[in-house]
Amino acid sequence: MSGNNPIENVELAGAGDYIALHLQGGGTLRFHAMWLRDNALDADTRSPQNGQRLITIDDIPADTKISTVSLDGTDCLAVEFQPDGKSVIYDLNWLQQHAYDVPHERPAGWLDPKVELWDKSLNNQIPTGDFKTVSNDKAALADWLRSARRYGFAKMTGGPVKSGALLDVAALFGFVRETNYGKWFEVRAEVTPTNLAFTSAGLQAHTDNPYRDPVPTMQILYALENSATGGESLVVDGFQAVKRLQEINAGYFDLLASHCAKFEYTGQSEVCLQSRKPMIELAPDGELIGVRFNNRSIAPVTDVSFDKMPDFYAAYRALSEIVNDPDMAVSFHLEPGDCFIVDNTRVLHARNAYSGHGTRWLQGCYPDKDGLLSTLATLEHENLGINDA
C-alpha cells in the first residue's frame, strides 16, 4: 500500500467495532477499534523520545469501540473511543502504509518484495561498492546496503590491506558476533585444520554454521593475500535454488520445509554445537525466510519417518544438484583489500580449489543482519532522495 491514494470518505461501521476508509477511485480499507487504539501515536500511548509503547494491552478496555470518526482536513483522521473517551488523531498516509485489510492468502515460499532472485547472469552486474566512497558518503553506503538486502550479497573493493580490516567494514553498519572461532577467523591452509574451510580444497556452496541456533545472519570474507592459482569465490542464491526445487517438484520443497534436518560441529575441544532446523525455513504465513545447506555439517537425520526418508533424501539430492549447477553461481576474484558480504540465511558461498603456489589468506567474521537493516532504514528515513529501484 503506497499511502498516497486520497481518502474519499470515512464510515463508522459494525456498531463502532471498526471504521472503513473509502478510497477515491474505489477500494476500502477497514481498521478495527482495538487495533486503532493500540496503535495510537499520541504522547500518552507512545514515548515521544523513542516511539516505544507506554501502555499494555491490559490498559485498553476490552470493550473498546469507536464513538465518532471524521476526516480532519485532507491528511488526518479524528477518532474518539469509548468507554474511556480517548480522542486520537491519525495520519491518513500512515494508516494506508500500515493497512492490513488486504488479501493474506499467499503460496508457500512467497518472497518479500525487497528480495530479487538471481543466477549466474548477475556476473555482469555484481553489486559492488568502493570502501573509501562507502565510508564517506551516506548515499553510497545506503546503495551498498540496499544491494546486500536485495541480492543477499555485495562485494566491496579498495579496502585497507591489514589484519582486522574486516571489522572496519562491519562497523559501517553494525556489530560483530563473537563465536568459538573468535571475533574473526583466518581462512587459509593449515596443517591440522579444525574445519575444512581452512584447507586448499574446493568447497561446495553452503551456508555457514547451520549447527548454531541462532545461525549467524551475515558473513564478511576479506582478502589480505590472494596470489594462489584458483580459489575464486562463488555465491549461489539459496532462495533461487529452493524456488527452482519447488518448480521442479513441489513435494520435495514441502518435505525439506516441513521436516527438520540436524547439523553438528565438534571440530574443537570443548565445542559441540548442534541444531535441529529445516533446510528450507518458512514463516507461519509461508514466506521463505531462510535456507540452511552444508554438506560438511549435516548430522544423521532422525526427524523423518521411515516411509518418508527415501523421498527426503531424493529431495536433498535434487536441491544439491541445483546448488551445484554452474548456471546458478556468480564467481569473482578477490584482490587484497577486497571483500564480500553474504546474507547467511539466504546466500550460499563457496570457493574453487587453489594450488600450493602463491598464497591465499582471507579473514572472516559474522556481523548481524539486524544492524545492517537498521542502518539502512535509518539512512532511508533521512530523505536522501534514494528510492528502492
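Colleague: Where is Gln246 placed?

Modeller: In this predicted model, Gln246 belongs to helix H6, which covers residues 238-248.

Colleague: What does the side chain of Gln246 reach?

Modeller: The side chain of Gln246 comes to 2.9 Å from the backbone oxygen of Ala108.

Colleague: And which residues does Gln246 touch, leaving out those up to four places away in sequence?

Modeller: With those left out, Gln246 touches Ala108 and Phe253.

Colleague: Let us change topic. What volume does the largest pocket have?

Modeller: The volume of the largest pocket is about 510 Å³. The pocket is lined by 26 residues, and the closest to its centre are Phe239, Ile289, Asp343, Thr345 and Lys369.

Colleague: Which element gives the most to the lining?

Modeller: Strand E17 gives the most, with four residues.

Colleague: How do the lining residues divide into nonpolar, polar and charged?

Modeller: Eleven residues of the lining are nonpolar, four are polar and eleven are charged.

Colleague: You mentioned H4. How many residues has it, and how far does it reach?

Modeller: Helix H4 has 14 residues. From its first C-alpha to its last, H4 reaches 20 Å, close to the 20 Å expected at 1.5 Å a residue.

Colleague: What is found at the start of H4, and what follows the helix?

Modeller: At the start of H4, a side-chain oxygen of Asp137 reaches to within 2.8 Å of the backbone nitrogen of Ala139. After H4 comes Gly152, which has a positive phi, near 85°.

Colleague: Why is H4 described as largely enclosed by the rest of the structure?

Modeller: The description holds because eleven of the 14 residues of H4 are buried. Among them are Ala140, Leu141, Trp144, Arg149 and Tyr151.

Colleague: Take Arg149 in H4. Why does Arg149 count as buried?

Modeller: Arg149 has a relative accessible area of 18%, and buried means under 20%. Arg149 therefore counts as buried.

Colleague: Which side chain does the side chain of Arg149 join in a polar contact?

Modeller: The side chain of Arg149 joins that of Glu380 in a polar contact of 3.3 Å.

How values were computed: Residues are numbered from 1 along each chain as its sequence is written. This is a predicted model: local features need pLDDT of at least 70, side-chain atom pairs count only at pLDDT 80 or more; totals for chains, interfaces and linings use all residues. Side-chain values use heavy atoms; hydrogens and water are left out. Helices (H or I, at least four residues) and strands (E, at least two) are DSSP runs, numbered from the N terminus. A polar contact is a pair of N or O atoms within 3.5 Å; within protein, one must be able to donate a hydrogen and the other to accept it, and residues adjacent in sequence count only if both atoms are side-chain atoms. Contact means heavy atoms within 4.5 Å. On a 1 Å grid over the protein atoms alone, a cavity is a set of points where a 1.4 Å probe fits but cannot get out, and a pocket is an open set with protein on both sides within 12 Å along at least five of seven lines; lining residues have an atom within 4 Å of a point. Grid points are joined across faces, edges and corners, and a volume is the space filled by probe spheres set on the points. Ala, Val, Leu, Ile, Met, Phe, Trp, Tyr, Cys and Pro count as nonpolar, Asp, Glu, Lys and Arg as charged, and the others, Gly among them, as polar. The expected span of a helix is 1.5 Å times one less than its number of residues. Buried means under 20% relative accessible area, exposed over 50%, partly exposed in between (1.4 Å probe, protein chains only).
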